[in-house]
Amino acid sequence: MSTRSEQHATFSIERVFDAPVKRVYDAFATEAGKSRWFAGGGKWDLMERKFDFRVSGRERLKGKWKDGAITDFDCTYHDIVPDQRIVYVYDLYHNGNKLSVSLATIEFAVAGAGTKLTVTEQGVFLDGYDDAGGREQGTRKLLDQLAASLQGADFRGNSP
């Protein structure tokens, strides 16, 4: 039998985006918006994407990286307050191994003409596959991709 372990950790990241709250919120709340930044880009092949953004709805994103590794994000939404808050729980897998179970809260607030976004994640990282430091670093990279996606036309094709 393999050795099992659990590492619990919490992190919080604050970012200010040069975009109104509605635009940043839509980047999480619409399939078109989320597809622009929450994916592997040209570094992977999409295997599955499901997007049901509502309380009790599920989101799944699964892809195969160029090196053959497969990652799988499986999420259930628990609380949604439009333009203010999203709370969800997700499991993350790598090559079929469960890396972690996390509770994530995304908060949106007006910051001048822009948006202050706060991401707080509480996770249990399983069997040494991942850790909070790596997850926080990965979340920061995703927020960089979000910032890039907020440039140009909005997620309905309108100019900012």
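Modeller: This is a predicted model. Seven strands make up an open sheet, ordered β1-β7-β6-β5-β4-β3-β2, with antiparallel pairing.

Colleague: Which strands stand at the edges?

Modeller: The edges are β1 and β2. Each has a single partner strand, so one side of each has no neighbour in the sheet.

Colleague: And what does the twist average from one strand to the next?

Modeller: The average is 15 degrees.

Colleague: How many bridges join β2 to β3?

Modeller: Seven, between residues 44–51 of β2 and residues 58–65 of β3, and the two strands run antiparallel. Phe-51, for instance, has Glu-59 in β3 as its bridge partner.

Colleague: What does Glu-59 stand opposite in β4?

Modeller: Cys-75. β3 and β4, the latter covering residues 70–81, also pair in the antiparallel sense, over seven bridges. Next along, Arg-58 stands opposite Thr-76 in β4.

Colleague: Now the hairpins. Which residue takes a positive phi in the hairpin of β2 and β3?

Modeller: Ser-56, with phi near 75 degrees; that hairpin has six residues between the strands. The hairpin of β3 and β4 has four residues between the strands, and there Gly-68 takes a positive phi near 100 degrees.

Colleague: Changing topic: how many residues are in the largest nonpolar core?

Modeller: It has 33 residues. Those with the most contacts inside the core are Phe-28, Ile-86, Tyr-88, Phe-108, Leu-117 and Leu-146.

Colleague: Which elements supply at least two residues of this core each?

Modeller: Among the strands, β1 (6–17), β2, β4, β5 (85–94), β6 (97–111) and β7 (114–126) do, and the helices α1 (21–29) and α3 (132–149) do as well. The largest share, six residues, comes from α1.

Colleague: Where does α1 lie?

Modeller: Across β1, β2, β4, β5, β6 and β7. Relative to β6, α1 runs at about 160 degrees.

Colleague: Back to Tyr-88. What is Tyr-88 in contact with, leaving aside neighbours within four places in sequence?

Modeller: One group is Phe-73, Cys-75, Thr-76, Tyr-77 and His-78, and the other is Ser-102, Leu-103, Ala-104 and Ile-106.

Key:
Residues are numbered from 1 along each chain as its sequence is written. This is a predicted model: local features need pLDDT of at least 70, side-chain atom pairs count only at pLDDT 80 or more; totals for chains, interfaces and linings use all residues. Side-chain values use heavy atoms; hydrogens and water are left out. Two strands pair if DSSP finds at least two bridges between them. A nonpolar core is a set of buried Ala, Val, Leu, Ile, Met, Phe, Trp, Tyr and Cys residues joined through side-chain atoms within 4.5 Å. Buried means under 20% relative accessible area, exposed over 50%, partly exposed in between (1.4 Å probe, protein chains only). Contact means heavy atoms within 4.5 Å. Axes are lines fitted to C-alpha atoms, for helices over the stretch in contact, and angles run from 0 to 180 degrees between N-to-C directions.
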